[in-house]
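User: Please take a close look at one part of this model, the pairing of charged side chains. Then set that against the packing around it.

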Amino acid sequence: MINPGIKAALNPIAFQAGPFTIHWYGVIIASGVVLALLLAVREGKREGISEDDFYDYLLWALPIAIICARIYYVVFQWSYYSQHPSEIIAIWDGGIAIYGAILGGFIVLLVFCHYRHLSSWLMMDIIAPTLIMAQGIGRWGNFMNQEAFGDITTRAHLMAQHIPNWIINQMYIGGHYRIPTFLYESLWDLTGFALLMLLRYRKHLFRRGEIFLTYVMWYAFGRFFIEGMRTDSLMLGNIRISQLLSVVFFVSALVILIVQRHKNIPWYDNGINKN
């Protein structure tokens, strides 16, 4: 018997317009993307990068990032989607992997900067703080869909963490309260946003690319531990894919950062950020 004190889950549908259904998942992610774009454009102007460059980049990067994020997710859940092929495109129900989106967006950025004759490291420094902010906002789409949660816990344990009741109520999933790993990652991302913004305002102390590399290390470090608490991780055998990638990305970024500080890397843009 369900405890009468437990409230029903929030409606994942924001509104309907005729035959179209708009999900909160999409609204929240889109809001994060728009805010990230506006902040990136503002910083880009200080660096002499045209507003149109950011709009054009997003025009290419956004659809490709979404496609890559979905492909990434479907590949590692192929045992399910091979039996339900009609659901492969149903991204409104969730099921896009942020690492897939980041990789897709990164590849597009390298190609875009090559053809626009822009410094890819400078662009990544500008985008990094806004990207992690968008990631932090986007996790609330998982909240509305009741996904990206952790193991079974108790209401008392969640209350002891001073988590608001409206979040705790939404964490009642499948007859049990769940650890709100979406919340932990959102807070980690937004803290990272604040840190990277502080570094950006002291960018004269850093080489180009170092703010982006800090983003990679910050996000990967937090994601590794938070992923270990989740129950819906994409797996490769007994290995959590996101944890594996977190280790690879953290170590790679750290090595590049250390080596570049002691020895110039030929393909690295050595430019010092200017005020």
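Analyst: A search of the whole structure finds 10 salt bridges. A salt bridge here is a side-chain nitrogen of Lys or Arg within 4 Å of a carboxyl oxygen of Asp or Glu. The model is predicted: local features need pLDDT of at least 70, and side-chain atom pairs count only at pLDDT 80 or more, whereas totals for chains, interfaces and linings use all residues. Residues are numbered from 1 along each chain as its sequence is written, and side-chain values use heavy atoms, with hydrogens and water left out.

Start with Arg 223 and Glu 227. Their side chains meet in a salt bridge at 2.8 Å, N to O. Both residues lie in helix 9, four residues apart, about one turn of the helix. Helices are DSSP runs of H or I with at least four residues, strands are runs of E with at least two, and both are numbered from the N terminus. An α-helix has 3.6 residues a turn, so residues three or four places apart point the same way.

Arg 223 counts as buried because its relative accessible area is 5%. Glu 227 is at 1%, so Glu 227 is buried as well. The cut-offs are under 20% relative accessible area for buried, over 50% for exposed and partly exposed in between, with a 1.4 Å probe and protein chains only. The pair is also part of a network of salt bridges that links Arg 139, Glu 185, Arg 223, Glu 227, Arg 230 and Asp 232.

Glu 43 pairs with Arg 46, the closest N and O atoms being 2.7 Å apart. The two residues are three places apart in helix 1, again about one turn. Glu 43 is buried, with a relative accessible area of 4%, whereas Arg 46 is partly exposed at 47%.

Arg 116 and Asp 56 form a salt bridge too, with the closest N and O atoms 2.8 Å apart. This pair links distant parts of the chain: Arg 116 sits in helix 4, Asp 56 in helix 2, and 60 residues separate them. Arg 116 is partly exposed at 35%. Asp 56 is at 27% relative accessibility, so Asp 56 is partly exposed.

Now the packing. The largest nonpolar core has 38 residues. A nonpolar core is a set of buried Ala, Val, Leu, Ile, Met, Phe, Trp, Tyr and Cys residues joined through side-chain atoms within 4.5 Å. The residues with the most contacts inside the largest core are Phe 54, Tyr 57, Tyr 72, Leu 109, Met 123, Phe 212 and Tyr 215. Helix 1 (24-46), helix 2, helix 4, helix 5 (120-145), helix 8 (181-200), helix 9 and helix 10 each supply at least two residues of this core. Apart from it lies another core, of 14 residues, among them Ile 167, Met 171, Phe 182 and Leu 183.

Contact means heavy atoms within 4.5 Å. Beyond its neighbours within four places in sequence, Tyr 215 is in contact with Ile 102, Ala 128, Leu 131, Ile 132, Gln 135 and Leu 196. Gln 135 belongs to helix 5. Its relative accessibility is 6%, so Gln 135 counts as buried. Under the exclusion of neighbours within four places, Gln 135 is in contact with Ile 98, Ile 102, Asp 189, Tyr 215 and Tyr 219.

Gln 16 is exposed, because its relative accessibility is 56%. Its side chain makes a polar contact with the side chain of Thr 21 at 3.1 Å. A polar contact is a pair of N or O atoms within 3.5 Å; within protein, one must be able to donate a hydrogen and the other to accept it, and residues adjacent in sequence count only if both atoms are side-chain atoms.
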